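Have the structure open as you read.

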Amino acid sequence: MAKPDWSAIDALDPPRLAALFAEDEDRVARFSVDVAGLHFDWSKTHLTTAVVEAFAALAKAQDLAGKREALFAGKPVNVTEDRAAEHGAERGEGSEEAVARAAALHARMRALIDAIEGGALGPIRHVLHVGIGGSALGPDLLIDALGRDEDRYDVAIVSNVDGAALEEAFARFDPATTLLVIASKTFTTTETMLNATSVLQWMAEGGVDDPYGKVVALTAAPDKAIAWGVDETRVLPFSESVGGRYSLWSSIGFPAALALGWDAFAELLEGAGEMDRHFRLAALHENAPVLAAFADLFYTQVRHAETRATFAYDERLRLLPSYLQQLEMESNGKGVTVEGAPVGRATAPITWGGVGTDAQHAVFQLLHQGTHLVPVEFVGVIEPGDALADDHHRQLLMNMFAQGAALMQGRANADDPARAYPGDRPSSTILLDMLDPRSLGALIAFYEQRVFVNAVLLGINPFDQFGVELGKEMAKAAEKGGQDFDSSTTDLMRRAFG
Ligand code: F6P
């Protein structure tokens, strides 16, 4: 494929945000989208009709429409691994065959949940889920955001191989009523396998006669799970074509389905499916993931922003920034194109963020007056998640709105530069009517498709992650004594291990 022509984009130079508002009274409507109970507002970014048109031309040159259909049709869009990326099929948007396969695996998952709820594994109150990266961050976000009924299962998601993480769960849980869930797409991840082994030992020491009888495996490598000792009836497979960081919709979502109930899990999938359909069908200039990606690329390519920050103004979404870190940086933190040539452009910005209003009192100084340009994304929910007096929620959202306005407006101070705010700092806002499984599903799917659009326009593959392999290999080789290290690393090891 010919190298994409970025010249029209590189030449873009929209005026300041204040001027954009002054010259267009329909700006808010022009750069807002409503879908699946989510309101997106990009009016406080530098998107203009000209900017959107320039990116739409690039999207056409990069065949975004064709690649989007290839994604949903189950074509091998993950070219370096010659694999499809069929997370869409998990929520009903994919080839007939992939959708049917996902539905059958969901049915198997649901049957096991019914059996557990019916007491087939004895009394279960606690679920200790071990997994890391995409096998932990998604379920953790879902359960933390949506909570659980008092009378459902108490779930701990443990990812770190640091034993302190497991000890925390051990202190909370009773081995006699604990289900061990091992989540690993490959079923080879060393941290997860060691954590699983330690949980089995804790169960045995806690008097459980047959710890293996209380293990469930969530994996795309069912044979490995069976060989490891998990009974076939408690292995919940998912498709190899569902990437780890895109897997919360598959059996990896099992702990969330246990904690929230099956109906909630089904609604999550429906909400994501609704966003997928919007992404497939809406025109580019009113397509939420597409416009978001255009704004992302404007800031990384034209204004050379190196980071992007997401602030969740809702305690229930406090894990969203860390979820997005894996989704965005593992997907698009790439240096070569799908053809293997250097990209020659900045790829994924560093994704970071936090929770409002806490972050205002910690990092917002830099956003308002620092020398780095940081496009900000605010995420808020109109319906409060707490039962306290309205003042709390009102103050929370008012702060979010005021921050976006302050970043944009700035304030001159000719007498005292230290007290001047340059303004013209961009932000986008996502406002959910309410936080429920459906809207959360739509929100996460929005982020997934936005990552995809960014990748297509940059010509990179968002679905592989070879960058994580080298360090893993060196650690494994070092354990076996088969790795030579530099003198600094050797010295550090000697200090730690003697
Ligand atoms: O090391 C990165 C990674 O492969 C992620 O892509 C993945 O989500 C995580 O490790 C866990 O992998 P697995 O599910 O195979 O244990």
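H361 is exposed, with 9 other C-beta atoms within 10 Å. K472, in helix α19 (residues 469–479), is partly exposed, with 13 other C-beta atoms within 10 Å. Helices here are DSSP runs (H or I, at least four residues) and strands are E runs of at least two, numbered from the N terminus.

This is a predicted model, where local features need pLDDT of at least 70 and side-chain atom pairs count only at pLDDT 80 or more, while totals for chains, interfaces and linings use all residues. Residues are numbered from 1 along each chain as its sequence is written.

## The "active site" label

An unreviewed UniProt entry lists E330, H361 and K472 under "active site". They span 143 residues in sequence and the farthest two C-alpha atoms are 37.1 Å apart, so they do not all gather at one spot. UniProt annotations may be inferred rather than shown by experiment.

## α8 against α15

Helix α8 (residues 137–146) packs on helix α15 (residues 320–332) at about 155°, with axes 10 Å apart. That makes the two roughly antiparallel (angles over 145 degrees, from 0 to 180 between N-to-C directions of lines fitted to C-alpha atoms over the stretch in contact).

L137, G138 and L141 from α8 meet L320, S322, Y323 and Q326 from α15, contact being C-beta atoms within 7 Å.

Terms used: A residue is buried if 20 or more other C-beta atoms lie within 10 Å of its own, exposed if 12 or fewer, and partly exposed in between; C-beta atoms are placed from the backbone. Angles under 35 degrees count as roughly parallel, over 145 as roughly antiparallel, 65 to 115 as roughly perpendicular and the rest as oblique. Two residues are in contact if their C-beta atoms, placed from the backbone, lie within 7 Å.
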